[in-house]
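Work through each task before you turn to its solution.

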Amino acid sequence: MLEIKNLHARIVDDGTEIIRGLNLTVEAGEVAAIMGPNGSGKSTLSYILAGREDYEVTEGDILYNGQSILEMDPAERATSGIFLAFQYPMEIPGVATMEFLKVAMNEQRKARGEEPLKIPEFLKRVKDAAALLDMDMAMLKRPLNVGFSGGEKKRAEILQMKLLEPKLCVLDETDSGLDIDALKIVSEGVNALRAPDRAIVIITHYQRLLQYIVPDSVHVLYRGQVVKSGDKSLALDLEANGYAGVIGQAA
Amino acid sequence: MNIHTTPQRTPAETALIDAFSDRLSLLPGDGTVMLKRDDAIEAIKSGLPTRRIESWHYTDLRRLLTTVPDFDPAAAAKAIAPVVEGSAVLPVLNGVSSTKLPEIEGIAVQRLSEKLTDGSAAPGLDPYGADDAIGALNTAFVADGYFVDIADGTELDKPVELQNLQAGGQTHVRLSVRVGVGAKAVIVERQAGEGAALVSSVSQLLLDEGAEATWLIVQEQPDTATHLAQFKAHLGKNAKLTLFVMNAGGKLVRQEVVVRTTGEGADFTLRGINLLAGDTHTDVTMVLDHAVPHTASTEVIRNVVTGRARGVFQGRINVHQYAQKTNAKMACNTLLLSDDGEFSTKPELEIFADDVVCGHGATVTEIDHSHLFYLMARGIDEKSARGLLVKAFVAEVIEELDDEAIVEALETRLDGWFAAHG
């Protein structure tokens with residue numbers, strides 16, 4: 001489903017190369033974890049997948065269902081089924097959360113050639129998803145993410161992910177800022193989305209989240225490259241011995 | 001020895017002076033009113049204000065007012081549906097008030113032409129300062145409008161909409177409202193039309209003790225119209241005024257807001273949105289006097305500038321020496337969406353009291369790219385995402401009004417503007 005080939009990318013502003021020859025393949029139905037120390041390029045990779053303009057791909061390609069996405073803008077990527085759950089979701093004053101959800105869901109439907117949702121059906125879907133994530137509907141009456149706590153923002157991201165039904169989910173440090181109860185709820189929300197036709201990429205610094213969302217594959221990112229891949233035992237190994245061993249082998 | 005020279009008159013100045021001679025016999029007024037008209041035209045004869053006059057620095061009226069249309073007796077404007085459904089409508093069509101008026105309990109409505117004729121409107125015709133060009137223009141030519149008196153203790157359940165509609169030519173209108181002791185009202189001042197017009201409109205609001213009013217100015221003139229407007233209010237003891245100004249049209253627009261708190265405990269809120277497009281010029285100038293102790297005011301102006309539009313906000317707050325414990329906050333935020341657009345902000349705080357809290361701030365920004373990315377990352381295309389963010393920037397101010405029917409009605413006006421200019 002996702003194939004990243006020899007990807008090189010840099011920050012547009014100052015030309016710093018962050019991703020330096022990254023290769024990664026994630027199949028449909030797979031849950032892949034990307035781990036790595038701070039500054040290894042994890043969040044940058046997530047932004048590049050979503051199409052943020054601050055980064056420029058200088059070499060290599062990203063294929064999604066066999067098609068390059070490099071020329072697609074963030075909206076086109078999103079309507080084709082790519083979803084990024086942000087590490088730091090934006091607070092947008094003045095944009096009502098419900099209105100935003102309705103517009104976003106209907107954009108997805110439009111791309112699939114479906115009719116816009118009727119209001120009762122839309123409300124029902126939002127209520128059901130919110131209940132699963134233990135979110136108060138009153139929160140959704142506020143402007144988008146405004147005044148949400150760190151944990152509430154992460155839940156709101158997963159809520160959006162559920163409602164938009166993407167095919168490739170990228171979760172950037174979704175566990176940061178969550179207490180243990182919230183972590184369980186969010187993990188259950190993600191696990192419920194596991195499906196044979198959907199791939200999930202989990203970017204995380206710690207192994208903690210992977211106790212709840214058990215990955216099929218684990219990849220270690222260091223200096224903009226995948227330096228080691230393995231199964232879930234690799235995550236446990238990293239937790240026990242730190243990144244030094246893996247990085248030492250790579251260097 | 002000084003040599004005094006009067007600069008040559010501009011075509012607009014000449015046209016106004018000639019029009020006055022032509023119209024004089026048609027203008028209503030007793031002796032006092034006619035004397036005030038004479039004074040007013042003398043002020044115009046000495047020249048329209050230029051950038052050398054401080055309060056007109058960013059709106060050089062003498063240079064910007066290039067043409068003055070003739071009065072057009074054939075112009076036929078029609079009343080339109082009110083902004084808020086179910087409002088009582090008092091229309092002024094081409095400068096003429098209606099003889100058939102709705103009966104509303106607790107409200108007495110008089111045609112202003114009658115009050116000019118009998119001279120009872122004369123005291124309101126005085127200029128408020130030396131540079132009151134809009135007041136002078138209006139006093140010289142005003143022929144009609146309304147005087148609305150809302151009786152003490154009346155609480156209106158529906159808004160009253162004062163419609164000033166033009167279909168070309170010149171119209172000069174005055175709208176006066178008194179809200180009695182403890183009374184509550186929502187007033188909509190609707191300024192619109194479809195002609196190449198010169199409009200002057202002066203509104204006067206008197207809030208008696210404990211009165212509460214929300215006054216919404218919805219200005220949607222066509223880009224062929226010059227709209228020179230003034231809103232003057234006196235706030236009595238514990239009176240509360242929320243003034244909302246929406247400028248969403250006009251070629252050359254100046255909206256003056258002149259407010260004076262004259263009673264302790266008075267509270268003034270100004271919220272404004274200026275939606276600027278094309279090759280237009282829009283100026284909102286406020287002069288607020290905190291004249292007594294323990295009064296509060298907040299002003300928030302949000303501007304969206306597109307095309308080659310130019311905007312101005314001047315906010316002057318005078319805190320008189322005696323006006324201790326004044327609390328005043330002013331903010332002007334501009335979203336500049338075009339390289340050719342321009343917005344000038346000038347806050348002026350004159351504080352003569354020593355125990356007050358006064359602040360002001362101004363920002364000029366573009367669309368936040370991280371916000372845009374976030375919305376697009378959810379599948380919303382760039383144009384729609386930009387639209388959502390621009391609307392959000394101004395909608396925030398509307399939502400503060402906290403009355404669902406009004407918020408919805410204003411957002412509909414907003415959507416209309418974005419549909420035409422997005």
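A residue is called buried if 20 or more other C-beta atoms lie within 10 Å of its own, exposed if 12 or fewer do, and partly exposed in between, with the C-beta atoms placed from the backbone. Helices (H or I, at least four residues) and strands (E, at least two) are DSSP runs, numbered from the N terminus. The model is predicted, so local features need pLDDT of at least 70 and side-chain atom pairs count only at pLDDT 80 or more, while totals for chains, interfaces and linings use all residues. Residues are numbered from 1 along each chain as its sequence is written, and chains are lettered from A and ligands numbered from 1 in the order in which they are written.

**Exercise 1.** Find which residues of helix 8 of chain A are buried, and explain why they line one face.

*Solution.* Step one: within helix 8, which spans residues 232-241 of chain A, the buried residues are Leu234(A), Ala235(A) and Leu238(A). Step two: seen down the helix axis, these buried residues fall within an arc of 105° (taken from the directions from the axis to the C-beta atoms), and therefore they line one face of helix 8. Step three: on the other side of this helix, Ser233(A), Ala240(A) and Asn241(A) are exposed.

**Exercise 2.** Describe the phi of Asn65(A), and then state where this residue lies.

*Solution.* Step one: although Asn65(A) is not a glycine, its phi is positive, at about 50°. Step two: Asn65(A) sits in the loop between strand 4 (55-64) and strand 5 (67-68) of chain A.
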